[in-house]
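Here's a quick briefing to read with the model open on your screen. Grab a viewer and follow along by topic.

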Amino acid sequence: MSVLISVDNVTKYYGTRKNPIKAVGPVSLNINQGSFTVILGRSGSGKSTLLNLLCGLDKVTSGELVVGSDKLNESNSKKLAKYRSKIGIIFQFYNLLPNLNTVENVMMGSWAGGKSTSYQKAVDLLTKFNLGHRFKADVKTLSGGEKQRVAICRALIGDPEILFCDEPTGALDTSSETQVKDILAELNKSGLTIVMVTHNPEFAGIADNIINMSDGEIIDKQ
Amino acid sequence: MTFSSLLLVLKRQFTQKWGRFLLASGGIMIGIWAITLTTSLSLGVSDAIIDAINSQPIAREISISVTESGQTSYDQINETPKFIPLSEGDLQEIVDKYPEVLEVSPVSRLNFFVQTPAADKNIKCVEKNLEMQAQLASQAQAGGDVQVSTANMESGAESLSKDCLNINVSSNTFKRFYESNRTNWYGKQEEPAKNEVVACFKCGSTQFGEALGVEKPEDLVGKKITIELQRAPELYEGGKVLDVLDFNTPDTEIKESKDIELTISAVVDDTDAGIFGSNNFYVGYNYFQDAFKLANPDLNPSNYGTVQNTVFIDSYQNLDAVVDDLRNDKFLTLSIAQEIIKGVSTGFLVLSAALSMLGFIALVASVFGIINVMTISVLERQKEIGVLKSLGARDGDIFRIFLFESSLLGIIGWLLGISLAAAIGNLLSFIFVQVIENDPGIRANLESINLSSFTPSFPWWLLLGSLAISLVFTVLSGVFPAIKASKQNPVDVLRSE
């Protein structure tokens, strides 16, 4: 398997120049194409910050971060936006747009990046994840599990190269958690690269790589 | 972001927050309402007045003169010009040269007396008038008691008015005279012949019909009256340059009376004459020459002419073209209609601009409201901004979302403002019609000048211009919040609750 994500001595500092606060780093790691990587760690360990850097939602302070052909450490906001349109992201609290219905939320996953997509593709995707009967529903009426499946559909509509997941089961009940876990495992089996941040050690069972973080640094790689 | 997704976000935002949109666009609505209402009313009233003016014979009338220096417009005159009188032949040449010109006539006064049925057959009104003036002059010269002089004058005037009605003759062209009075016209509708006259019925305070014992205007037609020419027109030596300090004219006082019998060929009922009504008689130009000869027996009238003359054209639509042609031929011209229309248009433009300033003040005030609402919207929708950015939306996309939103405020405010202006404008128009219908006095005066209603005017440039103004104000108001929204860090806003 070839390396898809290369992280080399990456750091991220917040605060002011006089009083910088370290969030991440320096960290180095490689993630292979088609792998399932789980980043574990306690609150404040820097795992979500690292994920934000990998997603291009935030900029590194130093170091080199390359995803595929995109050098994120040298990208401006426009290039980062383009990079984000090629990946999929799912969040702990779904982050669906409350003004749009279910299918519109899914389609926005493609539209926001400037790509057109067919309505039918969105409906088919929802049907695949057992939401075909609710494609016109107001997202406020969906359960937590349904919302997360809509978020997964939204992340997949643009045929991403990588799926980044930030605590995707953190707000779900056990049944929904299992559903999402199975979906992600299935997606990875079909070739999709997945990078997930979680507290949940159960994901370690389906992961190819497990990275443990503490105080912004990688303390263990398996 | 795709354009359709921008529109979708905007549509959903509007349908869910329409109350806020309406409130936020209130300032724009008031501003656009004030600007379009005042402008549309000004245009509507101004158009109605211009149409009314153009429907009057005055819109087909041009005053012409000739100056030594060839000035063609009163705007060019810095000092009193030297005039060259136009003879009767010169006036005929103008009629022959310009196909649009129907008639040209001198502007010159002529007065005559009409002997009443009660008058002594031997009375000579002109002589009686001269005697009375001479008596007054000698008393004043002798330093007599002013009260006695006044009493004598009043007594003389009473005696004169009992037997002799003093009549003014219109200085209009016949066509102009007919056009001005055709709705109140009885009798022949053509220029009176040599021994004919067109009479007014009431003639202002003269009460002509009553003095002749006639109750209805139409009963005057065909009656014979005897006139005495009282005052000759002011004529100047044809072709001679007149200096303003030496404006000599042959004598206008007629010293010898002459009875002329005329038949009334037509009558103008001026009982309810409006502001454009006529209180004058009309006779042919030959009587001007007769009067001139009576006052100046040794002079030939055909050698004399007039400084001021009136050209009457076929249609007001040719007015500008004929004025231009006359000016090219070095005539000093003045169209009262053109001047009034220019004044009306300018007046309403100034009025509209002044009132529109109130609208602009409302628009400026609304800017702060829109900035406020848009800033609140940005703060409320931080999570949405973060999600869209996480999905690949660029800063420019987020900027456009909020700019579209503020533009929508402008369009809503414009639509409401225009609709309100149209509704109130038409309501005012309706009230105006109701008011004049319930007041016969006002109605008669306005109908006499063909002004009985007006319609607020919303030309395309007013609609597009007000939309542009509305969009400029709202887009400018939305720029700062839109920039603020587009610069949001996605991580920060996704973290926010």
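Thr474(B) touches Ile28(B), Ile370(B), Ser406(B), Ser407(B), Leu409(B) and Gly410(B), leaving out residues up to four places away in sequence; two residues are in contact if their C-beta atoms, placed from the backbone, lie within 7 Å. Keep in mind that this is a predicted model, where local features need pLDDT of at least 70, side-chain atom pairs count only at pLDDT 80 or more, and totals for chains, interfaces and linings use all residues. Residues are numbered from 1 along each chain as its sequence is written, with chains lettered from A and ligands numbered from 1 in the order in which they are written.

**More on Thr474(B)**

- Thr474(B) sits in helix 15 of chain B; helices (H or I, at least four residues) and strands (E, at least two) are DSSP runs, numbered from the N terminus.
- Thr474(B) counts as buried because it has 30 C-beta neighbours inside 10 Å. The cut-offs are 20 or more other C-beta atoms within 10 Å of its own for buried, 12 or fewer for exposed, and partly exposed in between, with C-beta atoms placed from the backbone.
- Phe404(B) is 70 residues away from Thr474(B) along the chain, yet their C-alpha atoms are separated by 9.7 Å.

**Helix 3 against helix 15 in chain B**

- The axes of helix 3 and helix 15 (residues 460-486) of chain B come within 11 Å and cross at roughly 155°. Axes here are lines fitted to C-alpha atoms, for helices over the stretch in contact, and angles run from 0 to 180 degrees between N-to-C directions.
- That crossing angle is why helix 3 and helix 15 of chain B are roughly antiparallel to each other. Angles under 35 degrees count as roughly parallel, over 145 as roughly antiparallel, 65 to 115 as roughly perpendicular and the rest as oblique.
- The crossing of these two helices is right-handed, meaning the near helix is turned clockwise from the far one by less than a right angle (left-handed if anticlockwise).
- On the helix 3 side of chain B, Ile28(B), Ile32(B), Ile35(B), Thr36(B), Thr39(B) and Ser40(B) meet Leu462(B), Ser466(B), Ser470(B), Phe473(B) and Thr474(B) from helix 15 of chain B.
- Sorted by class, the residues of this helix 3 and helix 15 contact in chain B are 5 nonpolar, 6 polar and no charged. For the classes, Ala, Val, Leu, Ile, Met, Phe, Trp, Tyr, Cys and Pro count as nonpolar, Asp, Glu, Lys and Arg as charged, and the others, Gly among them, as polar.

**Helix 1 against helix 13 in chain B**

- Helix 1 (residues 3-16) and helix 13 (residues 395-437) of chain B have axes that come within 10 Å and cross at roughly 50°.
- Helix 1 and helix 13 of chain B are therefore oblique to each other, and their crossing is right-handed.
- Leu6(B), Val9(B), Leu10(B), Gln13(B) and Phe14(B) in helix 1 of chain B meet Arg400(B), Ile401(B), Phe404(B), Glu405(B) and Leu408(B) in helix 13 of chain B.
- This contact of helix 1 with helix 13 of chain B has 7 nonpolar, 1 polar and 2 charged residues.

**Ser171(B)**

- Look for Ser171(B) in the loop between strand 4 (164-168) and helix 7 (174-181) of chain B.
- Ser171(B) counts as buried because it has 21 C-beta neighbours inside 10 Å.
- Beyond its neighbours within four places in sequence, Ser171(B) is in contact with Val107(B), Ser108(B) and Arg109(B).
- Tyr285(B) is 114 residues from Ser171(B) in sequence and 9.4 Å from it in space, C-alpha to C-alpha.

**Nonpolar cores**

- The largest nonpolar core has 110 residues, and those with the most contacts inside it are Ile39(A), Leu54(A), Val106(A) and Phe164(A). Such a core is a set of buried Ala, Val, Leu, Ile, Met, Phe, Trp, Tyr and Cys residues joined through C-beta atoms within 7 Å.
- Helix 3 (residues 26-54) of chain B gives the most to this core, with 11 residues.
- A second, separate core of 63 residues includes Ile62(B), Val197(B), Ala232(B) and Leu262(B).

**Where the chains touch**

- The contact takes 22 residues from chain A and 21 residues from chain B.
- Helix 2 (77-84) and helix 3 (102-111) of chain A each supply at least two residues of the chain A side.
- Helix 2 of chain A gives the largest share of that side, 5 residues.

**The chains overall**

- Chain A has 6 helices and 10 strands, and 48% of its 222 residues count as buried.
- Chain B has 16 helices and 12 strands, and 37% of its 497 residues count as buried.
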